[in-house]
Amino acid sequence: MITALWVMIAIAVVLGVVLGYAAIRFRVEGNPLVEKIDAVLPQTQCGQCGYPGCKPYAEAIAKGEADINLCPPGGEEGIHKLAELLGVEPKPFGADRQPRAKAVAFIDEKDCIGCTLCIQACPVDAIAGAAKQMHTIIAAECTGCELCVAPCPVDCISMQPLPERPNTWKWKYPVILLRPQK
Amino acid sequence: MRQLYTFHGGIHPPTNKAQSTTQPIAYAPLPAELVISLHQHAGEVAKPLVEVGERVLKGQLIGAPVSGFSAAIHAPTSGTVAAIGLQIVAHPSSLPELCITLQADGKEEWAARHPVDFRTLSNAELQSHLRAQGVVGLGGAVFPSDMKLRHSIPVETLIMNGAECEPYITCDDMLMRERAAEIVRGTEILRHALNTKSVLFGIEDNKPEAIAAMQQAIDDSSLPFEVVAVPTLYPGGSAKHLIKVLTGLEVPSGKLPTDIGVQCFNVGTAYSVKRACDDGEPLIARVVTVTGNVAQPRNYEALIGTRFAELVSASGALPGTDRYIMGGPMMGLELPGANVPLVKASNCLIAASDALFPPQPAPLPCIRCTRCVGVCPAELQPQDLYWFAQSNNFGKAQEWNLFDCIECGACAYVCPSSIPLVHYYRYAKSEIRARDQEKRAADLARERHEFRQLRIEREKQEKANRLAQKERAATTANAKTVAETASVPTPAKPVVTVDDTQQLRINTALERAKAQATAARPKNTDHLTPEQLAEIAAIEARRSHIHDIAADTGADDEPPKQS
Amino acid sequence: MDIARPWLKHLLNGRIIRPSFFALRRHISSMSEYFLIVIGTVFVNNIVMVKILGLCPFMGVSRKLETSLSMGAATTFVLTIASGSSYLINHYLLGPDLAYLTTLSFIVVIAAIVQFTEMVIKKTSPVLYQVLGIYLPLITTNCAVLGIPLLNVQAKHDFIESLLFGFGGAIGFTLVMVLFAGMRERLEGADVPVIFRGTAIAMVTAGLMSLAFMGFSGLVK
């Protein structure tokens with residue numbers, strides 16, 4: 001009985017020493033997972049996930065606090081990529097968070113009063129302007145996050161959906177009619 | 001006897017070329033109206049240089065190249081610019097592009113032509129001359145020819161592509177039969193520019209007359225060129241495959257022929273180069289085959305911008321035509337209608353009917369027979385690419401070298417299940433390109449966002465520093481005054497919240513804006529004559545039209561022209 | 001206390017000090033036996049397909065080819081060392097008296113080896129660590145990893161045979177997992193009925209694979 005105890009203690013001590021050494025020798029700092037998740041997210045910085053930007057959302061996912069189906073701009077594709085990265089099952093979007101068509105903000109220059117509230121709101125600095133000067137959206141940089149629409153006191157910002165042009169047009173998935181339509 | 005090599009796969013579809021080679025090239029009748037697309041080359045859209053109502057001469061520059069990867073557009077005939085706007089062009093999306101509509105005046109008045117002696121020009125000078133003349137590759141890919149003259153290592157072999165492997169197309173065949181001397185001359189110019197020793201003409205052996213004509217022209221010119229008859233095999237006219245057959249060299253995936261010391265030009269391009277240099281004529285016309293369900297299939301030399309419907313009626317339209325194909329039956333694209341204009345890339349127009357091209361049966365599941373693998377000239381695995389494309393597995397599709405697919409259609413031709421394979425590959429490629437575009441945009445947005453965070457932090461830091469400095473100055477000043485003043489109670493300041501001041505500022509700004517708007521509005525808008533009202537309406541229409549063009553072509557860097 | 005003396009005698013009998021070279025020499029003549037052990041454990045008595053052990057990581061990690069290969073490699077490392085060290089502990093430390101401590105000590109050893117492997121993988125390849133996720137520490141509870149040493153005890157294998165048995169078992173595990181991952185990757189693109197998608201069709205496929213492995217039965221006694 002005591003022998004058995006001694007044998008087990010001996011095994012435990014030896015293994016403990018080995019593991020202790022390994023814990024120090026193979027120590028790992030930081031969490032590279034956050035960068036990988038952030039690389040997948042669309043960088044719209046819109047806040048629709050409930051976090052103030054894409055990096056905080058990535059950190060929340062890495063910690064396990066946030067679900068992977070909270071990002072509408074990423075679309076279904078984004079959910080699948082996150083699921084693959086984290087090794088979990090992909091989930092569909094909730095009813096309150098559905099992806100919308102890509103749009104670009106547009107300032108109606110007749111009504112703009114030059115208050116700079118939208119400039120302060122834009123997360124990617126896509127609005128050019130200064131106090132009491134005309135503001136305008138730099139369309140090439142606008143991510144369509146819609147954070148500028150709410151702060152505008154004169155409601156002069158609208159979202160214009162991007163029209164399809166020959167260089168942005170995509171071939172459609174081949175759909176074959178099994179029965180010809182009458 | 002020159003040693004020829006082979007490439008993997010290939011098919012032998014019925015050539016159907018005899019119909020359109022019975023008659024010589026005819027000059028297409030001058031149309032009343034020409035629609036010249038500003039995007040008929042690989043690269044960026046050309047910028048229009050003319051205005052509506054302006055009279056232009058034949059060969060005048062009407063569209064300027066906007067970057068290194070762009071080409072010039074010239075007026076194909078003299079006339080007046082009727083409109084500059086979006087028109088339906090030959091694009092698979094049926095979306096419109098910016099086009100210049102020209103009303104021909106019938107005079108065919110040439111602008112000043114500037115021929116050059118190629119012997120006096122260096123490679124770079126010839127490049128800028130060809131760029132100014134709008135010469136692009138006429139083999140189908142329409143790359144600006146000046147770009148194809150650039151090379152980093154010496155070009156050992158220049159190959160002239162007269163293979164024309166696709167069924168129905170005979171424009172290069174007829175061009176070689178009738179204008180062999182000009183082609184040889186153009187080739188000499190290209191050879192001089194590239195400083196190449198070896199020049200080979202690759203012509204498929206189903207064109208004996210063309211081979212004989214080219215050989216004759218070369219003998220007459222005493223130039224050391226060689227005509228090589230290559231075995232007829234589709235797609236042997238593809239540049240990479242012709243290079244493989246003639247030289248045994250393989251152009252690596254993602255690289256250009258000039259990276260291995262070879263360059264390949266279409267014989268039609270050589271003809272255009274000759275016209276551009278010897279005659280100073282820009283690229284304003286090309287030979288196009290009109291065939292299929294027409295009474296007289298033949299080749300026409302047509303002006304760029306001619307509507308296809310006019311060419312079809314010149315050949316005699318027959319009933320039963322339900323669609324038009326630009327290009328060949330393997331790689332051509334179905335046109336949104338016959339009113340689409342001719343572009344530099346149009347080598348053939350097929351009037352298709354169900355009798356000519358019976359509809360494919362409904363596709364069945366892939367049985368993995370690997371017939372497609374046997375015929376793929378790019379040595380890919382079409383059935384795996386199909387599997388990944390149809391399940392949207394784009395990562396795997398790229399791993400299986402999807403972008404090396406030349407979309408020749410040989411796999412779909414042999415598929416016993418009639419699966420539209422090329423359709424799937426095009427879908428997958430465009431999805432991958434769109435995703436790459438989004439990724440680039442996302443990376444840029446991330447950079448901007450991070451810089452913005454940095455900027456805000458920096459501003460906060462600077463503000464904090466300034467406040468700290470002020471406080472320090474204030475405390476030293478206070479220390480002095482506290483000793484002097486008695487304890488006087490400070491009067492209570494009125495509490496004004498930030499929101500109130502903000503709202504006050506907004507209200508005053510609104511008032512100011514309204515006052516400015518009323519000041520800017522014209523005051524004498526009552527009692528206007530009908531003529532004045534009509535003029536105002538016309539001006540407003542023009543302004544909104546230009547605004548639309550600017551919005552559609554994304555002119556976020558240039559203000560619309562106020563006329 | 002009553003077994004203390006015989007145990008000490010067994011321990012100090014010089015078994016630990018004098019390695020059994022004689023035992024080794026006795027078995028060199030039967031190299032073909034070793035070969036048969038390996039073939040037997042890889043194909044005929046495949047631990048996943050025939051013995052139906054170790055299904056948890058088999059199902060969980062075989063979605064992608066790369067992860068199954070890495071999981072197989074990790075399991076091979078763990079199993080081989082576990083087999084060897086289990087034999088040594090069982091034969092020299094526990095002896096015939098403390099045989100009832102076999103399972104307990106095996107589990108402790110396996111847990112330690114898996115922890116070690118986890119630390120090494122986390123350091124060398126964080127991506128792999130993330131992808132393997134929970135299945136890496138679950139190697140500890142993998143019934144195959146505990147089963148093989150116990151089977152070694154039951155079959156009274158000696159040291160070399162135990163090592164080979166463990167190594168062969170793990171190679172068989174890796175082989176089957178890689179084959180299965182290949183099939184699952186192709187199943188990803190297939191038009192599977194909705195109720196079968198995911199694990200269900202994977203189970204059906206695994207069953208069919210198991211049937212196929214029945215073809216090896218009787219190859220090696």
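Two strands are taken to pair if DSSP finds at least two bridges between them. On that basis, chain B of this predicted model holds an open sheet of six strands, with mixed pairing and the order 1-14-13-17-15-16. The edges of the sheet are strand 1 (26-27) and strand 16 (333-334) of chain B, each of which pairs on one side only. Further in, strand 13 (residues 285-292) and strand 17 (residues 348-352) of chain B run parallel and are joined by four bridges.

Helix 5 (residues 65-94) and helix 8 (residues 143-155) of chain C pack at an angle of about 35°, and their axes are 9 Å apart. The crossing of helix 5 and helix 8 of chain C is right-handed. Helix 5 of chain C contributes C:Thr75, C:Val78, C:Leu79, C:Ala82, C:Ser83, C:Ser86, C:Tyr87 and C:Asn90 to the contact, while helix 8 of chain C brings C:Val145, C:Ile148, C:Pro149, C:Asn152 and C:Val153. Sorted by class, this contact between helix 5 and helix 8 of chain C comprises eight nonpolar and five polar residues, with no charged residues.

In chain A, attention turns to the domains. The domain assignment gives domain 1 (33-86) and domain 2 (101-162) of chain A. The centres of domain 1 and domain 2 of chain A, taken over C-alpha atoms, are separated by 25 Å. Across the boundary, six residues of domain 1 of chain A are in contact with seven residues of domain 2 of chain A. The side of domain 1 of chain A that touches domain 2 of chain A has five polar residues, one nonpolar residue and no charged residues.

Methods. Residues numbered from 1 in each chain as written. Chains lettered and ligands numbered in written order. Predicted model: local features only at pLDDT ≥ 70, side-chain atom pairs only at ≥ 80, totals over all residues. Helix = DSSP H or I, 4+ residues; strand = E, 2+ residues; numbered from the N terminus. Axes fitted to C-alpha atoms, helices over the stretch in contact; angles between N-to-C directions. Left-handed = near helix turned anticlockwise from the far one by under 90°. Contact = placed C-beta atoms within 7 Å. Nonpolar A, V, L, I, M, F, W, Y, C, P; charged D, E, K, R; others polar. Domains from an automatic or database assignment.
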